[in-house]
Amino acid sequence: MTHEQAGDKPFGYGHQGTDSTIPATTGAIPTLDRRVPTVTRSIPVQTSDVRYERAATKVETLIEALPWMQRYHGQIIVIKFGGNAMVDPELLDAFASDIAFLRYSGVKPVVVHGGGPHISRMLKRVGIESEFRAGYRYTSPEAMEIVRMVLGGQVARDLVAAINEVAPVATGVSGEDAGLFQARRKTTDARGNQVDLGLVGEIVAVNPTVVRADIAAGRIPVVSTIASDIDMPRSALNINADRAAAALAVALGAKKLVMLTDVEGIYRDWPDRSSLAAFITPTELRNMLPTLESGMIPKAQACLEAIDGGVKHATIIDGRVPHSTLIEVFTHEGFGTEVTAG
C-alpha cells in the first residue's frame with residue numbers, strides 16, 4: 001500500500017483487489033496542522049468476500065475522517081448556505097444530512113443563510129425589478145419588506161424543517177433577535193466609490209448571545225441575515241449573507257468558515273478554469289479583489305474578514321455538488337478554495 005499526500009491534508013489509505021488493508025492508528029493522533037500527515041500502520045487481510053471489500057472501503061473512509069473529527073470535535077464551524085442548493089430539493093436534503101452528520105460527530109455547526117433565488121422570484125411575482133449594484137442587491141423600502149418576509153418566513157422555515165427531519169435540534173434565529181446583527185447603511189463599494197444600495201447594511205456590531213445559548217443547549221442555530229439599523233433601531237437592513245457569516249464566525253470564535261456558492265471556487269485567471277486555486281493566501285486574495293467578478297467580491301471580502309478576525313480557515317466551495325460540506329471538512333482532498341491564516 002502506498003500513501004500519497006494530497007494538498008495539505010492527512011494521508012489517505014489504499015485498497016486494491018482482494019489483498020486489502022485495514023489502517024489503524026499508532027498511539028494518539030496529534031492535533032493536526034495543515035500538511036502534517038497522520039501516522040498509520042497497515043494490517044494485511046486476505047479475503048475474497050465481496051461484502052467485506054465493500055465494508056472495508058467504508059471503514060477506510062471513516063478512518064480517513066477521524067483526524068478531521070478530532071480537529072473539529074467541540075469546535076464551532078459556521079456554514080453559509082446559499083445559491084442554487086437552496087432551490088434544489090435534492091441538494092437541500094444533502095445539505096441537511098451534512099449538518100446532521102457534523103452535529104452528531106461532535107462538531108457545533110451554525111448555519112447562516114441567504115435567499116437570493118427566493119427573493120428574486122418573489123420580487124418578480126409582485127412586480128419589483130431586481131437590480132444589483134457592486135455585487136449587492138439594491139433594496140428599496142418595498143423590496144425590504146419582501147426580503148424580510150422571504151428570509152424569515154420561507155427560507156428559514158424550509159431549512160429548519162429539512163435539518164430537523166434528520167437531526168431534530170435545529171432552530172431559526174433572525175439577525176434582528178436580541179441584537180444579533182446591528183448594521184449601518186452601506187454607501188461605498190469595494191473600491192471606496194460612493195454607491196446607492198438602498199436599505200443594504202454593513203454590519204458594525206454582533207452580539208452572539210442568542211446563538212451561543214442555542215449551541216450550549218445542543219441546538220443547531222439557523223440564522224437569517226436581516227440586521228437592525230443601529231441608527232434607526234425599529235428599521236431593518238438587508239445584509240450580505242457571506243459577510244454576515246464571516247462576522248458571526250469571528251464573534252463566535254469559530255474554527256472554520258465554509259461558504260456554499262454556485263462556482264467551484266476562486267480562479268486566479270478567470271475564465272481559465274485550470275486556474276482554480278485550491279489554497280490562497282490572504283495577501284494574494286486582497287490583491288485580487290479589484291479583478292474579481294462583482295458577485296465574488298463579497299465572498300472574498302468575507303474570507304478576508306474572517307481570517308483577519310481570528311478564524312483559522314475560510315473556504316468557498318461549490319454547493320451544487322451533493323455533500324460538498326462533508327467533502328471539505330472530513331476528507332484529505334478538501335474542496336473549493338481555502339484561505340488560511342499564516
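**Salt bridges up close**

Modeller: Let's start with Glu202 and Arg243, whose side chains pair up in a salt bridge at 2.8 Å, N to O. Keep in mind that this is a predicted model. Glu202 belongs to strand β9 (residues 200-206) and Arg243 to helix α6 (residues 241-252), so the bridge ties together parts that are 41 residues apart in sequence. Glu202 is partly exposed, at 24% relative accessible area, while Arg243 counts as buried at 13%. The two also belong to a network of salt bridges that links them with Lys186 and Glu305.

Next up is Lys256 with Glu328, another side-chain salt bridge, 2.8 Å from N to O. Here the partners come from strand β13 and helix α9, so the pair ties together parts that are 72 residues apart in sequence. Lys256 is buried, with a relative accessible area of 0%, and Glu328 is buried too, at 2%.

Both of those elements turn up again around helix α2: β13 (256-261) and α9 (324-330) are among what covers its buried residues, as are β3 (76-81) and β4 (108-113). The buried set in α2 includes Leu91, Leu92, Phe95 and Ile99, and Asp98 is in there as well.

One more pair to check is Glu264 and Arg273, with their closest N and O atoms 2.7 Å apart in a salt bridge. Glu264 is partly exposed, at 28% relative accessibility. Overall, the structure holds 17 salt bridges.

Technical notes:
Residues numbered from 1 in each chain as written. Predicted model: local features only at pLDDT ≥ 70, side-chain atom pairs only at ≥ 80, totals over all residues. Heavy atoms only, no water. Buried < 20%, exposed > 50% of the residue type's maximum accessible area, 1.4 Å probe, protein only. Helix = DSSP H or I, 4+ residues; strand = E, 2+ residues; numbered from the N terminus. Contact = heavy atoms within 4.5 Å. Salt bridge = Lys/Arg side-chain N within 4 Å of Asp/Glu carboxyl O.
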